[in-house]
Amino acid sequence: TVVGCRLYFAPERFSAGVQYDVRSDIWALGVSLVELAVCYPYPDDLDPYSLITMVREEPSPSLSEDVFSAEFCHFVACCVQKDPPDRPFYYESPRNAADIPALTEHPFVTEPQLAPGQVLEWFDEIRQMNLQLEAQQQQQQ
């Protein structure tokens, strides 16, 4: 059976008979982070077949280092690798044959860029960016 929200499915989840593991959840984490940062990375009006095609064949979602830190962009890029063996696990695992560091060891996690007092400022910046994006979208309609 297929369980989960297809909007966040990793490419391998759309292939019949293909085994998947927790790294498909890593993909979903990456897509969720992109959505939180800049809105959902795929068009809202896609039919299921077009969504599957985009996820499997188009480049992975990404973020711009002009807007976000290099560490955050790289963290997201690690999460949305198309090939599951190229994606990290949450933690070190003996199954990680590609010798890819775990997400818990990524500099975005181990070397936070914001001091505790800066989090509210960061949320306000994100809120302002989202308001600007919404205004631009309304102007285009």
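User: Leaving aside its neighbours within four places in sequence, which residues is Ser24 in contact with?

Analyst: A point before starting: this is a predicted model. Setting aside neighbours up to four places away in sequence, Ser24 is in contact with Ala10, Glu12, Arg13 and Arg87. For Glu12, which is 12 residues from Ser24 along the chain, the C-alpha atoms of the pair are separated by 7.6 Å.

User: Is Ser24 buried or exposed?

Analyst: Burial is judged by relative accessible area, and the cut-off for buried is under 20%. Ser24 has a relative accessible area of 4%, so Ser24 is buried. Ser24 lies in helix H1.

User: Trp27 is also found in helix H1. What is the relative accessible area of Trp27?

Analyst: The relative accessible area of Trp27 is 0%, so this residue too counts as buried.

User: Why look for groups of buried nonpolar residues?

Analyst: In soluble globular proteins, nonpolar side chains tend to be buried together, so looking for such groups is a reasonable step. Here the largest nonpolar core has 23 residues, and Trp27, Tyr42, Val55, Leu63, Phe68, Phe72 and Val76 are those with the most contacts inside it. At least two residues of this core come from each of helix H1 (23–38), helix H2 (48–57) and helix H3 (70–79). H1 gives the most, with 6 residues.

User: Which residues does Leu63 touch, not counting residues up to four places away in sequence?

Analyst: Leu63 touches Val34, Ala37, Val38, Phe68, Phe72, Cys73 and Val76. Among these, Phe68, Phe72 and Val76 are listed with Leu63 among the core residues with the most contacts.

User: Which residues of H3 are buried, and what do they pack against?

Analyst: In H3 the buried residues are Phe72, Cys73, Phe75, Val76, Cys78 and Cys79. The buried residues of this helix pack against H1 and helix H4 (107–110).

User: How many helices and strands does the chain have?

Analyst: There are 5 helices and 0 strands, giving the pattern α-α-α-α-α along the sequence. Of the 141 residues, 29% count as buried. Among contacts with a separation of 6 or more, 58% are between residues 24 or more positions apart.

User: What share of the accessible surface belongs to carbon and sulfur atoms?

Analyst: The share is 54%, out of an accessible surface of about 9300 Å² for the chain.

Methods: Residues are numbered from 1 along each chain as its sequence is written. This is a predicted model: local features need pLDDT of at least 70, side-chain atom pairs count only at pLDDT 80 or more; totals for chains, interfaces and linings use all residues. Side-chain values use heavy atoms; hydrogens and water are left out. A nonpolar core is a set of buried Ala, Val, Leu, Ile, Met, Phe, Trp, Tyr and Cys residues joined through side-chain atoms within 4.5 Å. Buried means under 20% relative accessible area, exposed over 50%, partly exposed in between (1.4 Å probe, protein chains only). Helices (H or I, at least four residues) and strands (E, at least two) are DSSP runs, numbered from the N terminus. Contact means heavy atoms within 4.5 Å. Accessible areas come from the Shrake-Rupley method with a 1.4 Å probe; for residues, only the protein chains shown count as cover.
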